[in-house]
Amino acid sequence: MLEHVPVFPGDPILTVNEAFRRDTRPFKVNLSIGVYLDEEGNVPVMQSVHIVERRIAAEARPRPYLPMEGLAAMRQVTGELLFGSDSQVMAEGRVATVQTVGSSGALRLAAEFIAVWLPGYKAAVSSPTWENHRAIFNACGVEVVQYPYYDPATKALAFDDMLQGLEHLPQCTAVVLHACCHNPTGVDLNESQWDAVIDLLVRRKLLPIIDFAYQGYGRGIEEDAYAVRRLADSGLTFMVANSFSKNMSVYGERAGALSVVLEPACVDNVLGQMQSLVRRLWSNPPAHAAYIVADILTSEDLSALWRKEVNAMRSRILGARQLLFSHLGSSEKYRYLLNQVGMFSYTGLRLDQVEQLKEQYGIYLVPSGRICVASLNAANMPYVAEALKSVDN
């Protein structure tokens, strides 16, 4: 019955991670997967999260199913974090938020919603983008197209090309944009560039979908929300898929949400149809993840502690960039490391150079040449730098 099922070729990122685990060399370094590691190479347990989890364990809370749309307290604090505590769209009841299974689940829910209620819409993604964007929208029958974003020659934003590409998209297009810490390039728009893009989106009546997986890792928790809040002020209908995996270091808890900003008269209907889709996808979201997020962000003390911890993680990533640049000889060739932001940098390495790093040095990158800067530390930095210099010719 199932003999026709072909072999799964593997996920382009997770397959690299699996190969790293099988490697028995003691000097191996994994720069592939997008997970923040501390200076000792471990996924940190944030103090703010640990405090909440101890409280949850001590209270012995019952574990009923959450509603299809998720925990009300988590949905509320998510909206306040995204749009601001004094947000007009929140005050006006213009936001429909659903708790999701991570931001990947939020993107899948957005794609399902578009496929059902906006048939004929295409999804436009940046070139390049996170590998899973295309897979998620295609799986829902939504055609995926690209718009220009990255200039390999300068390792920077191809902004004029980006504007031109967005200008020529069909009106019935959902445009997937990274709010900050662009994955995979680490190349972000500045505020004036965001203003120009958002003005274009409003004028063209396109549907923005903001992928917001790294809030706090770019310029700061509030600063990274610039595009989201500017869109909220624009009056345009848009979606935000956000994640707490990175900024709360709770990857396995799958804590995310999809928020839709729209006219107040449409909120209940859209929320109801998202509930209907959730029922067919995962039925109910994870409770433990919801309590962690809600308890931290509703407590003044815990929220302040969490923000301090996020700032420390962002500072460590920035320090790793500066240290790698120094170990590479502070050459202009590698200045892109300082100009790019967030967990990732696009090295521009060819596939054969990526393979050489893996085979000769036990250093694992994804095929695109993207590195996770957050995996670097003082112990592995000199080794990685020498290997990069040896293959980058």
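This section describes helix packing, a salt bridge, a surface patch and local backbone features in a predicted model.

Two helix pairs were examined. In the first, helix α7 spans residues 159-167 and helix α8 spans residues 191-204; their axes approach within 10 Å and cross at roughly 10 degrees. Because angles under 35 degrees count as roughly parallel, α7 is roughly parallel to α8. On the α7 side, the contact is made by Phe159, Met162, Leu163, Leu166 and Glu167. These residues meet Gln193, Ala196, Val197, Leu200, Arg203 and Arg204 of α8. By class, the residues of this contact comprise seven nonpolar, one polar and three charged.

The second pair consists of helix α3 (residues 72-83) and helix α9 (residues 226-234), whose axes come within 8 Å and cross at roughly 95 degrees. The range from 65 to 115 degrees counts as roughly perpendicular, and α3 and α9 are therefore roughly perpendicular to each other. Glu80, Leu81, Leu82 and Phe83 are the α3 residues in this contact, and their partners in α9 are Val228, Arg229 and Ala232. The contact of α3 with α9 divides into five nonpolar and two charged residues, with no polar residue.

Side chains of opposite charge can pair when their charged atoms come close. Across the whole structure, 17 salt bridges were found.

On the surface, a nonpolar patch is formed by Met1, Leu2 and Val5. Together, Met1, Leu2 and Val5 have about 400 Å² of accessible area.

Several backbone features fall in loops. The peptide bond from Ser127 to Pro128 is cis, and its omega is near 5 degrees. Pro128 is located in the loop between strand β3 (122-127) and helix α6 (131-139). Asn183 and Pro184 are also joined by a cis peptide bond, for which omega is about 25 degrees. Pro184 lies in the loop that connects β7 (173-178) with α8, the helix that packs roughly parallel to α7. Ser283, a residue other than glycine, has a positive phi, near 70 degrees. The position of Ser283 is in the loop between α10 (264-281) and α11 (287-297).

Conventions. Residues are numbered from 1 along each chain as its sequence is written. This is a predicted model: local features need pLDDT of at least 70, side-chain atom pairs count only at pLDDT 80 or more; totals for chains, interfaces and linings use all residues. Side-chain values use heavy atoms; hydrogens and water are left out. Axes are lines fitted to C-alpha atoms, for helices over the stretch in contact, and angles run from 0 to 180 degrees between N-to-C directions. Helices (H or I, at least four residues) and strands (E, at least two) are DSSP runs, numbered from the N terminus. Angles under 35 degrees count as roughly parallel, over 145 as roughly antiparallel, 65 to 115 as roughly perpendicular and the rest as oblique. Contact means heavy atoms within 4.5 Å. Ala, Val, Leu, Ile, Met, Phe, Trp, Tyr, Cys and Pro count as nonpolar, Asp, Glu, Lys and Arg as charged, and the others, Gly among them, as polar. Patches are made of residues with over 30% relative accessible area and no salt bridge: like charges are joined within 9 Å, nonpolar side chains (Val, Leu, Ile, Met, Phe, Trp, Tyr) within 5 Å. Accessible areas come from the Shrake-Rupley method with a 1.4 Å probe; for residues, only the protein chains shown count as cover. A salt bridge is a side-chain nitrogen of Lys or Arg within 4 Å of a carboxyl oxygen of Asp or Glu.
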